[in-house]
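Please read them beside the sequence and the coordinates.

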Amino acid sequence: MPRFLGLLASVCALLFGLFWVLTRPADLAEDWAQLPPGDVEKGALVFAAAGCQSCHTESAVSAAETGPLLSGGKSFPTAFGTFYASNISSDPVAGIGAWSLQEFARAVTLGVSPDGAHYFPAFPYTAYAKMLPQDVVDLFAYIQSLPASARANAEHALVFPFSWRRAVGIWKRLYLDGSYHLKEVSTQELERGRYLVEALAHCAECHTPRTALGGLDRSNWMAGAPDPAGQGRIPAITPLQLDWSKSDLVAYFSTGLTPDYDSAGGDMAEVIDNLATLPEPDRAAIAAYLLALPEP
């Protein structure tokens with residue numbers, strides 16, 4: 001019996017060690033500080049395309065002179081519990097004002113905090129992993145130019161075992177691969193549209209259903225999904241289901257008006273507000289991407 005217990009203890013120690021290695025937070029492969037300094041104006045466009053304000057402010061209303069107050073606090077109910085957006089303002093204590101560029105890039109593209117903990121994937125770093133490095137640098141410069149908020153972060157209210165951060169390392173091995181869904185693009189417009197949709201705007205995070213573990217079901221890309229809050233369904237935006245022309249889509253992204261003169265509501269209204277600030281070629285590129293998608 002003592003021999004069996006010793007063997008069992010050895011096996012358990014081996015499995016724990018393997019788990020600890022497999023869930024180790026990743027480090028950046030390069031020194032992002034070597035990139036050109038961030039451009040605040042370009043960062044503002046990245047900020048809009050990525051929809052940062054929509055999640056990290058509790059209200060879309062902000063002071064026009066100072067910019068949005070990214071104090072966090074907005075709640076996101078899901079089947080795994082309720083997530084709360086964090087304070088990403090320039091406050092050095094409550095926000096990210098004291099972060100280095102390297103820490104910011106690691107958080108955005110790898111989902112790892114400055115103290116080496118995994119972020120939960122309610123933060124769409126699986127999409128942001130495809131961001132161009134200079135866009136990350138520009139985004140950081142813009143966020144650091146915005147006003148500070150001392151609001152403390154709220155703790156997520158998650159169901160065990162989904163509240164165990166270390167286990168997110170296994171989840172990342174399954175779902176954080178940095179690859180594009182649309183593998184081949186034939187024009188520069190499609191390439192730009194793919195980058196805007198799949199990386200910056202992370203449209204699939206809402207419009208694609210999820211697996212039991214919360215990863216995107218790539219076999220049903222953009223095919224619509226249940227609302228995480230349990231309030232209805234998020235529509236499909238594949239070419240067959242949407243059935244809009246390219247000009248219809250560009251007009252919708254510019255004004256929020258559909259071809260039958262309905263208007264965007266709910267969270268989509270905020271998305272339209274963001275897309276409307278982008279150059280028109282970007283909105284056309286997004287439309288081109290959606291029309292080029294294969295049906296699931």
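1. Contact here means heavy atoms within 4.5 Å. Leaving aside neighbours within four places in sequence, Met131 is in contact with Val46, Val108, Val136, Leu139, Tyr195, Ala199 and Leu200.

2. This is a predicted model, in which local features need pLDDT of at least 70 and side-chain atom pairs count only at pLDDT 80 or more, while totals for chains, interfaces and linings use all residues. Residues are numbered from 1 along each chain as its sequence is written, and side-chain values use heavy atoms, without hydrogens and water.

3. A nonpolar core is a set of buried Ala, Val, Leu, Ile, Met, Phe, Trp, Tyr and Cys residues joined through side-chain atoms within 4.5 Å. Buried means under 20% relative accessible area, exposed over 50%, and partly exposed in between (1.4 Å probe, protein chains only). The largest such core has 54 residues, and Met131 and Phe253 touch the most other members. Elements giving two or more residues to this core include α2 (40-50), α6 (133-144) and α13 (280-292); helices (H or I, at least four residues) and strands (E, at least two) are DSSP runs, numbered from the N terminus.

4. Is Ile170 buried or partly exposed? Ile170, found in helix α7 (residues 168-175), counts as partly exposed because its relative accessibility is 32%.

5. Strands β1 (residues 75-78) and β2 (residues 81-84) pair in the antiparallel sense over four bridges; pairing requires at least two bridges found by DSSP. The two strands form a hairpin with two residues between them, and Thr78 has Gly81 in β2 as its bridge partner.
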